[in-house]
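The following note sets out numbered remarks on the model shown below, for a colleague who works with computed structures. Please read each point alongside the coordinates.

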Amino acid sequence: MAMAFKMATEGMRVKQECLSSFMEMKWKRVSRYVVYKIDEKTREVMVDKVGRPGEGYDGLAASLPNDDCRYAVFDFDFVSVDNCPKRKMFFITWSPTASRIRSKILYATSKQGLRRLLDGIHYEVQATDPTEMGFDVIKERAN
């Protein structure tokens, strides 16, 4: 347990691909979401999956494992009540109940390192089961 705490408090390095994939999503709109994972062996945050432009929120939800933690950024386009097209970026921390304690600690303590690099995030959502990050929750937070 002491080693897990030591690794968690030191944080993780963030690979350049994490920032690159986020910037491409933000500026070039080549993807709808990016899922990030922590490789415990190399102690780095890396890209796990990039969603194609045509994929929606269901694709993001399906790409999150039931037994391990992940970070994700979702690019949400919608029409406001004023009938104006809008866009909001969501940072999602996925920490399911079935994941290991060590994994939960690593993700919780390393979140700010990645989050600081991703400029332009509007909202954060933390979820332990799919109902906490459902599409209705995203729509409600965006309005």
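1. Burial of a tyrosine. Y71 has a relative accessibility of 0% and therefore counts as buried; buried denotes under 20% relative accessible area, exposed over 50%, and partly exposed the range in between, with a 1.4 Å probe and protein chains only. Y107 is likewise classed as buried, at 3% relative accessibility.

2. Basis of the values. This is a predicted model, in which local features need pLDDT of at least 70 and side-chain atom pairs count only at pLDDT 80 or more, while totals for chains, interfaces and linings use all residues. Residues are numbered from 1 along each chain as its sequence is written, and side-chain values use heavy atoms, with hydrogens and water left out.

3. Aromatic pairs. How many aromatic pairs does a search of the whole structure find? The search returns nine. The rings considered are those of Phe, Tyr and Trp (its six-membered ring), paired if their centres lie within 6.5 Å; planes under 30 degrees apart are stacked, over 60 edge-to-face, and the rest tilted. Y71 and Y107 make a tilted pair, with 4.9 Å from centre to centre and 50° between the planes. Because Y71 belongs to strand β4 (residues 70–79) and Y107 to helix α4 (residues 101–117), this pair ties together parts 36 residues apart in sequence. Helices (H or I, at least four residues) and strands (E, at least two) are DSSP runs numbered from the N terminus.

4. F76 lies in strand β4 and F90 in strand β5 (residues 85–94), so the pair ties together parts 14 residues apart in sequence. F76 and F90 are both buried. Ring pairs also link these two with Y57, F74, F78, Y123 and F135 in a cluster.

5. Nonpolar cores. A nonpolar core is a set of buried Ala, Val, Leu, Ile, Met, Phe, Trp, Tyr and Cys residues joined through side-chain atoms within 4.5 Å. The largest such core has 19 residues, of which F22, Y36, V73, L114 and L118 touch the most other members. Two or more residues come to this core from each of α2 (16–28), β2 (33–39), β3 (44–51), β4, β5 and α4. Another core, of 17 residues, lies apart from it and includes Y33, A72, W94 and V125.

6. Surroundings of V73. Which residues does V73 touch, not counting residues up to four places away in sequence? They are F22, M25, R32, Y33, V34, Y36, F90, F91, L118 and I121, where contact means heavy atoms within 4.5 Å.

7. Strand pairing. Strands pair if DSSP finds at least two bridges between them. β4 and β5 run antiparallel and are joined by ten bridges, with R70 standing opposite W94 in β5. The two strands form a hairpin with five residues between them, and N83 in the turn has a positive phi of about 65°. β5 also runs parallel to strand β6 (residues 123–127), through five bridges; here F91 stands opposite E124 in β6.

8. Cover of β5. Seven of the ten residues of β5 are buried, leaving the strand mostly covered. T93, found in this strand, is buried with a relative accessible area of 6%. Leaving aside neighbours within four places in sequence, T93 is in contact with R70, Y71, K111, V125, Q126 and A127.

9. The C-alpha atoms of Q16 and A127 are separated by 26 Å, the residues being 111 apart along the chain.

10. Overall fold. The protein has five helices and six strands, in the order α-β-α-β-β-α-β-β-α-β-α from the N terminus on. For 143 residues a compact globule would have a radius of gyration near 15 Å, and the protein, at 15 Å, agrees; the radius is taken over C-alpha atoms, and the globule rule is 2.2 Å times the number of residues to the power 0.38. Buried residues make up 45% of the 143 residues. Of the contacts with a separation of 6 or more, 63% are between residues 24 or more positions apart.
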